[in-house]
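Here is a short briefing to read with the model open beside you.

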Amino acid sequence: MMDFGEQTIIASNESKGIVNAVRDVFDGKKMETNPTKELLNLSIGDPTFFGNLPVHQVMKEAVKEAVDSDNFNGYGPAHGLLCARQTVAKHYTTPEAPLTDDDIIITCGCSGALDSCFTVLGEPGQNILVPVPVYPLDSCVAASRGLTIKCYQLSPDRQWEADVDKMDQLIDKDTVAIVVVNPSNPCGSVYSKQHLLDILAVAEKHSLPIIADEIYNDLVYKGQHSYPIATLSKNVPILSCGGIGKKYLVPGWRVGWILIHDRHDRFKKEVVPSLIKVSRKSLGITTLVQAALPKILDTVPKSYYENTMSLVEANANIAYGELSVVGGLTPVMPSGALYMMVGVELSKFPHINTTVEFMEKLMAEESVFILCGECFLSPGFIRLVLLMPSEKMKESCHRIREFSYRHYEV
Ligand SMILES: *Cc1c(COP(=O)(O)O)cnc(C)c1O
């Protein structure tokens, strides 16, 4: 018999290449809290975390009905049940960017959608443009495919818009797509129509497709509007990724999708069949939530997610009000999604060298848990999640303020 002995079983280079900026920051780190203070966690973008945002009754009923029907215990098509694809098409079609069920791929969350898009569009050694501050999963998925990320910087002074000239200059013969995250995690920004048109012009000039991460579409503050980028172009082929996790407050239900906005049949011959082939790797996702999707999208009222966004906006106002008066801190007021970025002028905090240290010390002294910008490849910032009950949000900001006063030196 073969002796396994001490021999290590080798993992593939592909799997070892998977990087995750958040994990990298926390690797081996033991985050101490202050035992005399209740932990206030502003680090997790999971709307179920505090229990203050209940799941809509209709959604629970819809899943229960799917279970009780006994019709959804078998395999469905790998790229999604017809009823799920039809309902997504119906809800996301617009006159400018029409969709039928053939244009929809159901995926394991929006992250599954991104994984499929990167896999189909990119070959190892090629590159993809991503925004920085980055959504960490983008760099993770790119690395797992052997794709290099080329970062285009978003500017906090211009509500986190991209510099499109610099974006243009990053593109080379090996660039396969431009990723646009709007509304943004981690920035909370919502692009204007004009800015999206400017990005589309760059894509069009280079004949590049866009991968639009639009999981926060519609999740905007009062008076704001988020444009699905596909509604603004007749020429740029776009894969729009989304899902129910954030808008319907059930990230654990793992339903996402790709909306295929083909233009001049540029996706038709290769990309669409390949997206379907990629979905076959997993034989599809759970049928039960897919079966519930028509009822969820048809019946849950707009007020459900508007209610979430009222809380987020109220929290943004609290955080902005509390922190904009603190020396060394520059909160950037968001317009959507669930987050706010705060600039930290490290030169004003002589005993804090990096925003990683800012995060650790804030946790150790105040038991307030935020994520440092390093998690998003953006040192010099911290990110706050704006989902907690407003009383706790206020308390968190008071503690951040106390902490900052204590460490601030002119
Ligand atoms: C949360 C999030 C995702 C992942 O969505 P899932 O449906 O949970 O996979 C993708 N993109 C962004 C920008 C997100 O914030």
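His264 is exposed, with a relative accessible area of 60%; here exposed means over 50% relative accessible area, buried under 20%, and partly exposed in between, using a 1.4 Å probe and protein chains only. This is a predicted model, in which local features need pLDDT of at least 70 and side-chain atom pairs count only at pLDDT 80 or more, while totals for chains, interfaces and linings use all residues. Residues are numbered from 1 along each chain as its sequence is written, and side-chain values use heavy atoms, with hydrogens and water left out.

**Backbone points to look at**

- His264 has a positive phi of about 55° although it is not a glycine, and it sits in the loop between strand 9 (255–261) and helix 9 (271–279).
- Helices (H or I, at least four residues) and strands (E, at least two) are DSSP runs, numbered from the N terminus.
- Trp160 also has a positive phi, of about 65°, without being a glycine.
- Trp160 belongs to the loop between strand 4 and strand 5 (161–162), and at 2% relative accessibility Trp160 counts as buried.
- Val132 and Pro133 are joined by a cis peptide bond with omega of about 5°; Pro133 is in the loop between strand 3 (127–132) and helix 6 (136–144).
- Another cis peptide bond links Asn185 to Pro186, with omega of about 15°; Pro186 is in the loop between strand 6 (175–181) and helix 8 (193–205).

**The overall fold**

- The protein has 13 helices and 14 strands.
- Its radius of gyration is 22 Å, close to the 22 Å that the globule rule gives for 410 residues, so the protein is as compact as a globular protein of that length. The radius is taken over C-alpha atoms, and the rule is 2.2 Å times the number of residues to the power 0.38.
- Along the principal axes, the C-alpha atoms fill a box of roughly 65 × 60 × 50 Å.
- Buried residues make up 53% of the 410 residues.
- Of the contacts (heavy atoms within 4.5 Å) with a separation of 6 or more, 74% are between residues 24 or more positions apart.

**Charge**

- There are 38 positive and 48 negative side chains, and the centres of the two sets lie 2 Å apart.
- Lys and Arg count as positive and Asp and Glu as negative, while His and the chain ends are not counted. Each charge is placed at NZ of Lys, CZ of Arg, CG of Asp or CD of Glu.

**Helix 5**

- In helix 5 (residues 109–121), 11 of the 13 residues are buried, so the helix is largely enclosed by the rest of the structure.
- Among the buried residues are Cys110, Leu114, Cys117 and Phe118.

**Residues to pick out**

- Cys151 lies in strand 4 (residues 148–155) and counts as partly exposed at 30% relative accessibility.
- Not counting residues up to four places away in sequence, Cys151 touches Val130, Val132, Leu170 and Leu377.
- Gln169, in helix 7 (residues 164–170), is exposed with a relative accessible area of 62%.
- Ser335 is in the loop between strand 10 (329–332) and strand 11 (339–344), and it is buried, with a relative accessible area of 14%.
- Leaving out residues up to four places away in sequence, Ser335 touches Gly188, Val190, Val220, Tyr221 and Gln224.
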